[in-house]
Each structure stands twice: as structure tokens, then as C-alpha cells.
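Here is a short briefing for a first look. It covers helix packing and then salt bridges.

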Amino acid sequence: MSYLKFERALMTNLQESLRKEVLRTSRSGAYSSSTVVDCNTRKYHGLLVVPVPGIDGENHVLLSSLDVSVVQHGAEFNLGLHLYQGGVCSPNGHKYIREFSCDKVPTTIYRVGGVLLRKETIFQTYNDRVMIRYTIEDAHSPVTLRLKPFLAFRRADSMTHENFQAMRDYKKVSGGISTTMYSNYPRLYMQLSKKNEFVFRPDWYKGLEYYKEADRGYESIEDLYVPGYFEVQCKKGDEIVFAASLEETKPSTLKKTFEQEVEVRKPRDNFYNALVAAAHQFHFKKDGERYLLAGYPWFKVRARDTFISLPGLTLAIDEMEYFHTVMQTALKGLYEFMDGKPLTVDIHEIEQPDVVLWAVWAIQQYAKKAGMEQARKEYGKVVADIMRYILSGRHINLTLRENGLLHTEGRDRPMTWMNSMAGGKPVVPRTGYVVEINALWYNALRFCAELAGVAKDTDTMTDMEERAALAKVSFQKVFVTEAGYLLDYVEEGIVDLNVRPNMIFAVALDYSPLDTPQQKSVLDFCTRELLTPKGLRTLSPKSGGYNPMYVGPQTKRDYAYHNGTAWPWLGGFYMEASLKVFKRSRLSFVQRQMVGYEDEMMYHATGTISELFDGNPPFHGRGAMAFAMNVAEVLRSMKIIDQYKE
């Protein structure tokens, strides 16, 4: 029995099935994505979406979709499905689906009369090639499969329309054809493992509609080019593999390659294994360097996301080697930034003030896994260099004040993870003393002192402990309110009394600048006003400007992004804080909280977790279909829960 499985009743209900997305990736950032009924609902969906360095390095949709038809006794049954302008569905191939499952690879079973067809889709791990295996599991007579490719050749964040510049030429290659729509694009190779005939019948299919883009206030209509179709003669028991790639391959190797790819994949047969598979989707390799993508389909490698995600996506699933390889790349960029040199690594937003502190936190998590002595040997110098860099006042976005706290200027551009903009200004202008930055700072001071103690460096240990003591007194004076929660940010002339979730870090981090009653009070506020089944809200419903629904045009969504939406990664730190303060007495409560995340395995993007959720019921998933920090923190929470069980 497959863990991720949907029966016929759900698959034929388009109101439900069109909401459920499927994502498969390679290590280059390329991907294949659609819905469980193979109907694209985003402009980012596509069967083959790859970065094109020769143009701009961004992801481009080359092969949008591939319709398969079963032809028997002269009758054609098209198993494809597209949405067209005006809400028209055609050709309604979903009505032939019997089930969809995603154990090792996405698998769809179709029944057309006496023909039972299995379709399995896979994306090669280290090659930007999508492969589809069709198996004729039952047929009372010979069958013809007709495969019709829909081409886009555009950036993933744009649309294409019928035009006279599109080239119609194609070349025959072994087992198929190669073609390109524009001279600046690479050639697309479409090949089959079985002898076939390509019928050249060029045409534009006009008015395809992506309703998720319409909902987000973007252009939602496009035209796609179909150069013709492939015909393959089959019989019961035949297996045919279709491959689309930027490189030609030998058709005779496709079946073996497909099987090899299936073999190395672990089954998504439970919540944990599904999340581990999701974690691997964020692995990214470029120019020999290893990274973690922040999410799919539109995120890049971001420094903050890298350090926050790294422990959950590696240490929590016992993949220490990848922790080191990603950390090596990230620290290379961090040192280049601290030394004032141009970055040679593909990491964005490394100048943000909390990035260096999250790097220390990530090393701290490694120390809990490998031991303090091992962490000191491998990363002790890094921590010391980061602390010296901050203390020397060289960080362009951090200033150490006399009260021992860190100050940042965020009035004109966002300086924290709450980074939405409107009218050229931050929607949430978090400036001055920011609560999580200073919680991280106190934690870093104490961790640095601990490392110095292991190294028997008493001078450094004493210095760090004295600075931490000053920071603790100032933290409580600046952030703790009479009501018992923490102010989100404090700046001269600005008083923001809104209740936000960033105060949870002052409790969850290993070293807290709060005493026990204060920690319990902060947890109480988070539980009463911010907690949802999908994580913590970004703003309390009791606060002014509460906007929990991430829907509508871009500007409307920008104002909602951090003003009421819920984020699972914040929920991870909440669960850690709950167990830290209340120990095993909160274990069953935290375990119940995990149920809300497991629901997501089958509701939005199958087997992974969306970027954010509405802050009000029914807590719909929104934004990007897969978000690294969310997957990471759920995995890390599972590890912490297991430790408390033991």
C-alpha cells in the first residue's frame, strides 16, 4: 500500500485534484512539475524546466507537457488534460485515471476500454533529463500510443504566444527528433526506447489558462506550440520510455537508465521518508560547489535560508557529509563577504545582518551532533572569526551598541526574514534592536564562550561571558513588556506593540537571555495568539493590520506576507521551545502538532511542504510549492521529539 496514493474518485474530481501538485528535481535546479492529473495550473509548471546559462541562467520551460493517446481499432482516446480560457477542460483525460501513487516515482494508472496503461515519470538526479515509462499492462489487441509534445521555450516566470519568429525545423535523431523554437535556445532532444514514427503536424494550441496565475493577479493565458506527434506500435507487456533532454542519448539505454534511477530512490512509504525525499530536492550543485536551494519553483540560494535549513536537511537525517560540503561553500561566501571581496559563490543576501549569527547557530547544531571538541576542531576558528568581525564593527548592517546589543537600520530596506516590500519600502519596517537578531547574538556569545572553554582559552571565555551578561540585562530591559511578551523591534521614536512570532527564538535557542518565568510567558503568548496547525502566525489576530489570507494580486499579498500568515519553520522553533521549557509534559502536545504537517503530504505539493499558509482556517497552503526551511524544521522537530522519547 503506497503512502501517497489517490483513488479514482479524487482524481476525477478536478476541484480537488488540480490543487495537488507533483515536483521532481535534479541537482542543477532543473525540475519537472505539474498536478497529479498532469494539468498545468501555474506558468512555472512544465515537464522539462531547466536553467539555460546561454541566455540568463534562469529556469526556462522547454517542454510544457506531453499528451498521450491510446489508439485502438481506429478510435483515439486522449489521456491529456488542459485548462483553456473560459474554464474549458480538454481533452478530459482525467476520466480514464484509476489511481495515482507516488511511492518511488509518480505513477498513474489509466483504463481505456480493454487497455490498462501505467505511466511512471522520473527526473534524472544528475542529468537534466525527464523520462516517462509507459507500460501496457493489459490489452486484448495491438495498441498505438500517440505522444504529442507541447513546447514553450520561455522563462518560467513569463508566457509565450503564437509568433512568426518560432522556428518549425526539426532534425531526426536516433529514436526521435531534436528541435528548438528560437536560435538562442539549446536544442531539445525527444527520444523513445522503441521504434517510432514522428508525424510532423505543426500547430499552435491557443488560450491555455493557468488559474493559479490568475488568482495571483498575473497574466494567465498562453499559447503552446505542438510540432507534431510520435506514434509507437505496442502490445500487451511492452514498455516504452520517452526521454526529453538537452543532450542526445542512445535509445537502447533508456530502459536501463530508468530502472537504475528507480532503484536508487527510497520509498516514500511514511511521513519521515517522504520528508527525507523532499529534503534531497533542495540539493543544488553548480560549478563544483554544493548548495541548498531555498525552495521551488522560483527561489534561489539564499544565505539565511541555507544556514537555517542546513541542520534539518542534513544532520537531522544523519547526512553529515552533505552538511560539511554545503557549509564549505557557504563559509567560502561568508569569508569573501567579511573580507570585502566579490562573491565567487552563487549565494544571495549574504549581507543581511542575521546571516552570520545563523551560521553560528548551524555550527552549534553540529556541535550537539558531533560533540563540542569535534565542532571546535572543524569550526571553532569560523565562530571566532565571525565574533571578531561583529565586535570590530566591520559588518555593514550591524552595529554593536554600548548596552551590548546589536542595532540594524531597516527603515528603508528589509534587514530580516520579514522582507516583503510595497511602494519601495518594507511592509514591516523592522529596525533598530530586532528581537531575533539579539537573541541570536546572546546565544552566539554563550556558544563562543563554551567553545573557548573547551579550548581552555580562558581570556576569550571570560570576555564572551561578560559580554553575554551585559547583553542579557539589556535584552530584558529593551524587549520584555509588562504584559509578558517581547517587543518585535525597538527603535528610538518607534513603538510597535504588535505581537509577532520572532520572540520565540529567545526561548528556543540553546542559550536564552530570558529567565524561566519570562520564557513561559512568551510561550504562553505564542500558544494563545500565534499557534496554528501549520506553524506560528506572523502577527496576532488581536494586533492591528492582521491580514491572514495570502491571496489576490501582488500588492495585496505583499501586505499579507508577514501580517498573519502561518509558517511551519517558525512552528519548528516553537515545538523546540515547548519541549525545552516543559520537557516531557509537552511531548504529546507537540506530537499532535506534527499531525498538521503530515496532512500536507497529500494536500498541496505531494510529499513536501508549501512556503506558507493562511493564518485562518482551513489554513490553505500558498506561495512556493516546496520550501526548504519548512521541510528542515519539521525534520529537526521529529529528531528532537525522538530524543525526548528516548
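Is glutamate 289 buried or exposed? Glutamate 289 is buried, at a relative accessible area of 17%. Buried means under 20% relative accessible area, exposed means over 50%, and partly exposed lies in between (1.4 Å probe, protein chains only).

This is a predicted model: local features need pLDDT of at least 70, side-chain atom pairs count only at pLDDT 80 or more, and totals for chains, interfaces and linings use all residues. Residues are numbered from 1 along each chain as its sequence is written, and side-chain values use heavy atoms, leaving out hydrogens and water.

**Helix packing**

- Two packed helices are described by the angle between their axes and the distance between the axes.
- Helix 5 (residues 271-280) packs with helix 17 (residues 628-645) at about 140°, and their axes are 10 Å apart.
- Helices (H or I, at least four residues) and strands (E, at least two) are DSSP runs, numbered from the N terminus.
- Axes are lines fitted to C-alpha atoms, for helices over the stretch in contact, and angles run from 0 to 180 degrees between N-to-C directions.
- Helix 5 and helix 17 are therefore oblique to each other. Angles under 35 degrees count as roughly parallel, over 145 as roughly antiparallel, 65 to 115 as roughly perpendicular, and the rest as oblique.
- On the helix 5 side, the contact includes Phe271, Tyr272 and Leu275. Helix 17 brings Val631, Val634, Leu635 and Met638. Contact means heavy atoms within 4.5 Å.

**Salt bridges between elements**

- The structure holds 42 salt bridges. Each is a side-chain nitrogen of Lys or Arg within 4 Å of a carboxyl oxygen of Asp or Glu.
- Glutamate 137 pairs with arginine 118, with the closest N and O atoms 2.6 Å apart. Glutamate 137 sits in strand 12 (residues 129-138) and arginine 118 in strand 11 (residues 115-123), so the bridge ties together parts 19 residues apart in sequence.
- Glutamate 137 is partly exposed at 32% relative accessible area. Arginine 118 is also partly exposed, at 26%.
- Glutamate 289 meets lysine 332 in a salt bridge of 3.0 Å, N to O. Glutamate 289 belongs to strand 21 (residues 289-292) and lysine 332 to helix 7 (residues 320-338), so this pair links parts 43 residues apart in sequence.
- Lysine 332 is partly exposed, with a relative accessible area of 36%.

**Other salt bridges**

- Aspartate 305 bridges to arginine 302, with the closest N and O atoms 2.9 Å apart. Both aspartate 305 and arginine 302 are buried.
- Lys5, Glu7 and Glu99 form a network of salt bridges.
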